[in-house]
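Please consult the structure shown below while reading.

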Amino acid sequence: MPKALCYFDARNNGGNDGGILNNNNLHKKLNLHSTTIETPILWLGHDFKNPIDIWTYLPKCDGILLNAYQLLKTQKVALKNKNFVLREILGYYGPMFIDSGGFLFQRNGLCDIKAEEIVELYNNVKPDIGAILDIPINYVKTNVANYRRWKTTLKNTEIMFSNSDNSYLLVQVIHSHSTKAIHYRVNQLKKILSNPKMICIGSLVPLLKASHIGSKFNIKQNPESPTYQRWRLISKIIILIRNYFPKSIIHVFGAGSLSTIYMLLLLGVDSIDSVSWRIKAAFGEIQLPGLTSRRIIKGNKSSRVRKLLTKQESSILDRCKCPVCDKKSMEKKLKLLFEFKNRAIHNAFVLTSELEEIRKQIKYHKLGKFISDRVKNHKTFKKILNDIIFNELESNSLWRLKQ
Ligand SMILES: [Zn+2]
């Protein structure tokens, strides 16, 4: 077993040495107005334009994440009705988290919606959790332009906290691609709310997906590959924010694939959301534990390069207990998974059951070993885990012990 791995699981063993990832920290409970959530928690992204009532297909759905911007645009008429009850319209009564949809303004930074409108929506809809209207940073813009975006997010935070009717948990969102700036931004947020129950980290999606980052991680300036540079920065940002808010639930928006989720949870993230179950399904892909996404449809016109499911790998699919695959022959499974909705259901099941497994491993203090095993055949994530994440965790904890 690698040294770093022993180190992680030992520190995760309910230790009392102030380690940032002891067992109590990996499992948190939060009482909300109408429900209680437990971490780690996965919120499944819901799309109003092409809805799938995924909660009706799964044995367990931690919660759903909705987009306020999309809700305002698609339910304009319905929202005018004073008796508008979103839960009844959806037929969903479990934990509900609404994100403002600020990420839609990432490219141009121009937001055509006001913080007052979003907070009014939250006051009417009464989700369990509502996020501040934030303007994510754009890695290809100047520092000045990004600082302006942050000032808007901060202003929106003040407006929304003073207009919330407190019938839901309003959560702040922090954005920074510089570890230096985090210190100042944390202080600015703490002036509004000093001990938040939950805090979200935004602007990580470009780093996670390597999209819209320009030449920021140029290999000429740094011999380390851009992927590893990105993950080093992601790790530093999360660990730093984790340390500033040791008792808060940390949420990262747009976690994406399983491999990414594994890494984020190890870094101390408690709550994640994903629409990958739908997006991957739309590209003809399925998710399977221990593998990156696999295509099951030949000749897909997608520009994404994903491997086709091999015969050897199909043994993992053979064991799938999702509502689509369970008790079906391989031939029948593949036929059913030809349909978008069935692939989406399968993918959501894989995500939620993997989270269930992760909760079990946390209980047995074996999360590090479990995740190490899950990525053992994935060259890139194996290296990210061993060379970056474990190292960053270790050096951070040593730093803490010296304080
Ligand atoms: Zn399945």
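Helix H15 is followed by histidine 365, whose phi is positive, near 60°. The model is predicted.

**Helix H15**
- H15 covers residues 340-363, and its 24 residues should span 34 Å at 1.5 Å a residue.
- The end C-alpha atoms of H15 are 35 Å apart, which agrees with that expectation.

**Helices H7 and H8**
- Helix H7 (residues 143-163) packs against helix H8 (residues 179-192) at an angle of about 15°, and their axes are 10 Å apart.
- Because angles under 35 degrees count as roughly parallel, H7 is roughly parallel to H8.
- The crossing of H7 and H8 is right-handed.
- H7 contributes Trp150, Leu154, Thr157, Glu158 and Phe161 to the contact, while H8 contributes Arg185, Gln188, Leu189 and Ile192.
- The contact of H7 with H8 comprises five nonpolar, two polar and two charged residues.

**Helices H8 and H10**
- H8 also packs with helix H10 (residues 226-244), at an angle of about 25° and with the axes 10 Å apart.
- H8 and H10 are therefore roughly parallel to each other.
- H8 and H10 meet in a right-handed crossing.
- On the H8 side the contact is made by Thr179, Ile182 and Val186, and on the H10 side by Lys236, Ile237, Leu240, Ile241 and Tyr244.
- By class, six nonpolar, one polar and one charged residues form the contact of H8 with H10.

Key
Residues numbered from 1 in each chain as written. Predicted model: local features only at pLDDT ≥ 70, side-chain atom pairs only at ≥ 80, totals over all residues. Helix = DSSP H or I, 4+ residues; strand = E, 2+ residues; numbered from the N terminus. Expected span 1.5 Å × (residues − 1). Axes fitted to C-alpha atoms, helices over the stretch in contact; angles between N-to-C directions. Parallel < 35°, antiparallel > 145°, perpendicular 65-115°, else oblique. Left-handed = near helix turned anticlockwise from the far one by under 90°. Contact = placed C-beta atoms within 7 Å. Nonpolar A, V, L, I, M, F, W, Y, C, P; charged D, E, K, R; others polar.
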